[in-house]
Amino acid sequence: MAAILQAVGATTALSSTNSFDSKRLRFSSRRSLSVGKGNFFVVRSDGRSNGCYPRDRRAGQLVTNAVATKADSSTASTASKPGHELLLFEALREGLEEEMDRDPSVCVMGEDVGHYGGSYKVTRDLAEKYGDLRVLDTPIAENSFTGMAIGAAMTGLRPIIEGMNMGFLLLAFNQISNNCGMLHYTSGGQFKIPVVIRGPGGVGRQLGAEHSQRLESYFQSIPGIQMVACSTPYNAKGLMKAAIRSENPVILFEHVLLYNLKERIPDEEYVLNLEEAEMVRPGEHVTILTYSRMRYHVMQAAKTLVNKGYDPEVIDIRSLKPFDLHTIGNSVKKTHRVLIVEECMRTGGIGASLTAAISENFHDYLDAPIVCLSSQDVPTPYAGTLEEVTVVQPAQIVAAVEQLCQ
Amino acid sequence: MSCAFATIQSLPLTPENHSINPLKTSSPFLGFTRHLRLNPLDNNKSPSASIRRRQSSVVAVSDVVKEKKLKSNSSLSNLLITKEEGLELYEDMVLGRTFEDMCAQMYYRGRMFGFVHLYNGQEAVSTGFIKLLRKEDCVVSTYRDHVHALSKGVPARQVMSELFGKTTGCCRGQGGSMHMFSKEFNVLGGFAFIGEGIPVATGAAFTSKYRREVLKEADSDHVTLAFFGDGTCNNGQFFECLNMAALWKLPIVFVVENNLWAIGMSHLRATSDPEIWKKGPAFGMPGVHVDGMDVLKVREVAVEAVARARRGDGPTLVECETYRFRGHSLADPDELRDPAEKAHYATRDPIAALKNYMIENKLVNEAELKAIDKKIDEVIEDSVEFADASPLPPRSQLLENVFADPKGFGIGPDGRYRCEDPKFTEGTAHV
């Protein structure tokens, strides 16, 4: 495996609009979320949380800021706000640490997770706290240490497997498909595999083709696993905790470019629901379904769209397998137009499956064919100019919405 | 008939013997493949590879045992087993053999399907190792796993039912021949792809160490055995796990059942250095070569290897030279193996060898062994009857074990979890 670039170097800021405006997010009804449906926060980009303000008051008004901007608050004002501010990789670590404190059978295995602290610092200092066996530095043998984690899970532990880059887990496909996904079934339900497989994937900044893969499209057919993708510090921590507590094998997809997102998250403990989608911005005209990094391209495009008079509804699907057909369906029934924006390749990606699922379930509610914007079926080039055009850019999203809403 | 037990104090364990005629020794390893079907067995020719193999020394045999072997008289106190142990070993091997023979019958009568891989001839390895284990020790095997499950204690009824695809099988009929699992007896599979069980075994051993060192369970010393074949020893997962197990001193024993053939691929044609036991020291663990057709020799080595693992001294690689009397699977016409090779190994049948040993050393008499044979026949007949009478899995079973937590099927358009839909419990929902 080629050396991973240092986290700091690789995750340069997307744009000035990539961090949440901490001032604007207010969680008035913050409660400890149990893993039950309907308990997710509706986080609106202008800072309101669900139930606080009736929607119709703002109808017809131009929302000047459809996407959260960088925090411009002074330190004095942040001190009085509830919650604490941290970066996405710190949120992941916080979730991980809380779960490791809570349950001694939770352990971490992966390359450079221990002494090095993780190539993206998600496990920084954990080895010092919990020891070298509980935060295990493995040799470079993905297939075998993934299988080892599965064997440990079968015999009572709850390992978290880190792929230094999700692409490396291609070498672990044997174990992930055959043992992780299927073993509960072929053993007639005798053995459960409560593992979490996590790591950074997606297209970064000129990392080259092999370090820029989107493995969610390859893993989605494996029966018996769940896949979630985090996109904000808030949902990163919540999904990490939910994944660890789940009895099912869960693959948690992080993104190389999102690790330095900053957000203010609650001090109280919270666990999100693995199977639910997240309403990012309610709207009326079109449903935009997205996940991971593309959420930010969508929100950037939404700013432009709002200025042009459109009202897009943006949903971060979060659960890549299974899809939250309830949230998605309700949205489709309201707007009748669907745009999917994803980073997977055109062929066989999450978008392709989502298109099929929506067509199957909500065909009657559609006023137009589903439009799916995906990355091109091209090995991600190193050159920045070429890399930029392999993934979906906000301008394309704006154009697609305009065409869809004609 | 050349019987391994008759000359217990001689070869193959002493390193000094350099010029051996393979046929005259007690347990020759003959690489017949060079001659295949072209030349009949030539008594004077001795393939050099197999000669070099003869010099392997058993590394971890205890001194007590070595001393016993030097004494030439076979008084009872010098025997390697007691009568009770002998009967237990005999019964287990006969159970394995009779079960596998019944499988063949049932397969050809259309009661079981798919790929069925039988263990005939290799019983000494399974019995020699597994009978030493405790219930909480783990066994991981390959697709040739019926006998490993039986030796570990899984009732023959459950294994036979599983093979018939019935809901009373150990895996509810969902696994089949290649996926024998038992939580109660700690049989962790049953894997169809070679090599993929070895990391799982390494993980089970990791749990044992984790329990002791992290969870502070002082009595956690359970051992894991990983069984696999010669073909697997050229696979990456094998080497990766040898490395990790030695690195972390995991309580595992890697047992290679070298039966010389991977379907139709001879071990010598696939492997640059066919002496698998040598690969152990390369990773920092002892490598032991043992005659896998001799249950007492296997057991001797197993005692030491298992004790080593339990003590926390780390893994051992044990290469058991053995042979399968039948083809790779019931679908294999088995045309490539030299009939002379098969005939030769048939004379080294481990069950016959143990029987002779016990009778010659006056541990048991014929009648006692015949009683065991009869008892096992009845057990097997009963298992077939049970399997026959058992119900097939109903449709409602289809979706039950896909997820440990069925919320994993997701939320449906109506807002409810899909698993709450009655079609799920009926098995008719489409996922």
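In strand S5(B), B:Glu257 is the bridge partner of B:Gly229. This is a predicted model, in which local features need pLDDT of at least 70 and side-chain atom pairs count only at pLDDT 80 or more, while totals for chains, interfaces and linings use all residues; side-chain values use heavy atoms, with hydrogens and water left out. Residues are numbered from 1 along each chain as its sequence is written, and chains are lettered from A and ligands numbered from 1 in the order in which they are written. Helices (H or I, at least four residues) and strands (E, at least two) are DSSP runs, numbered from the N terminus.

**Chain B overall**

- Chain B has 15 helices and nine strands.
- Of the 431 residues in chain B, 58% are buried; buried means under 20% relative accessible area, exposed means over 50%, and partly exposed is in between (1.4 Å probe, protein chains only).
- Among the contacts in chain B with a separation of 6 or more, 74% are between residues 24 or more positions apart, where contact means heavy atoms within 4.5 Å.
- An unreviewed UniProt entry places the feature "domain: Dehydrogenase E1 component" at residues 92-393 of chain B. UniProt positions are given in the numbering used here, feature names are shortened, and annotations may be inferred rather than shown by experiment.
- Residues 92-393 of chain B are 46% helix and 12% strand, and the end C-alpha atoms of this span lie 30 Å apart.

- Strand S5(B) covers residues 252-258, and seven of its seven residues are buried, so the strand is largely enclosed by the rest of the structure.
- In a regular strand the side chains alternate between the two faces of the sheet.
- In S5(B), B:Ile252, B:Phe254, B:Val256 and B:Asn258 point one way, while B:Val253, B:Val255 and B:Glu257 point the other way.
- Strand S4(B), residues 224-229, pairs with S5(B) in the parallel sense over six bridges; two strands pair if DSSP finds at least two bridges between them.
- Strand S9(B), residues 316-321, runs parallel to S5(B) and is joined to it by six bridges.
- B:Glu257 has B:Cys320 as its bridge partner in S9(B).
- A right-handed β-α-β unit is made by S4(B), helix H8(B) (residues 236-247) and S5(B). A crossover is right-handed if, with the strands pointing away from the viewer, the path from the first strand over the helix to the second runs clockwise.

**Aromatic rings and charges**

- Over all chains, the structure holds 15 aromatic pairs. Rings of Phe, Tyr and Trp (its six-membered ring) pair if their centres lie within 6.5 Å; planes under 30 degrees apart count as stacked, over 60 as edge-to-face and the rest as tilted.
- The ring centres of B:Phe181 and B:Phe191 are 6.0 Å apart and the planes are at 75°, so this pair is edge-to-face.
- B:Phe181 is in strand S2(B) (residues 181-182) and B:Phe191 is in the loop between strand S3(B) (187-188) and helix H7(B) (197-213), so the pair ties together parts that are 10 residues apart in sequence.
- B:Phe181 is buried at 1% relative accessible area, and B:Phe191 is buried at 2%.
- One aromatic cluster is formed by B:Phe228, B:Phe238, B:Phe239, B:Phe254 and B:Phe283.
- The charged end of B:Lys135 sits over the ring of B:Phe185, at 4.9 Å from the ring centre. A charge sits over a ring if NZ of Lys or CZ of Arg is within 6 Å of the ring centre and within 35 degrees of the ring normal.

**Chain A: the annotated domain and two strands**

- An unreviewed UniProt entry places the feature "domain: Transketolase-like pyrimidine-binding" at residues 86-261 of chain A.
- Residues 86-261 of chain A are 36% helix and 18% strand, with the end C-alpha atoms 8 Å apart.
- Strand S4(A), residues 158-162, is mostly covered, as five of its five residues are buried.
- From S4(A), A:Arg158, A:Ile160 and A:Glu162 point one way and A:Pro159 and A:Ile161 the other way.
- Strand S2(A), residues 106-110, pairs with S4(A) in the parallel sense over five bridges, and A:Ile160 is the bridge partner of A:Val108 in S4(A).
- S4(A) and S5(A) pair in the parallel sense over three bridges, and A:Val196 is the bridge partner of A:Ile160 in S5(A).
- A:Val196 lies in strand S5(A), residues 196-201, and is buried at 1% relative accessible area.
- A:Val196 is 35 residues from A:Ile161 in sequence, and their C-alpha atoms are 6.1 Å apart in space.
- Not counting residues up to four places away in sequence, A:Val196 touches residues including A:Pro159, A:Ala243 and A:Leu252.
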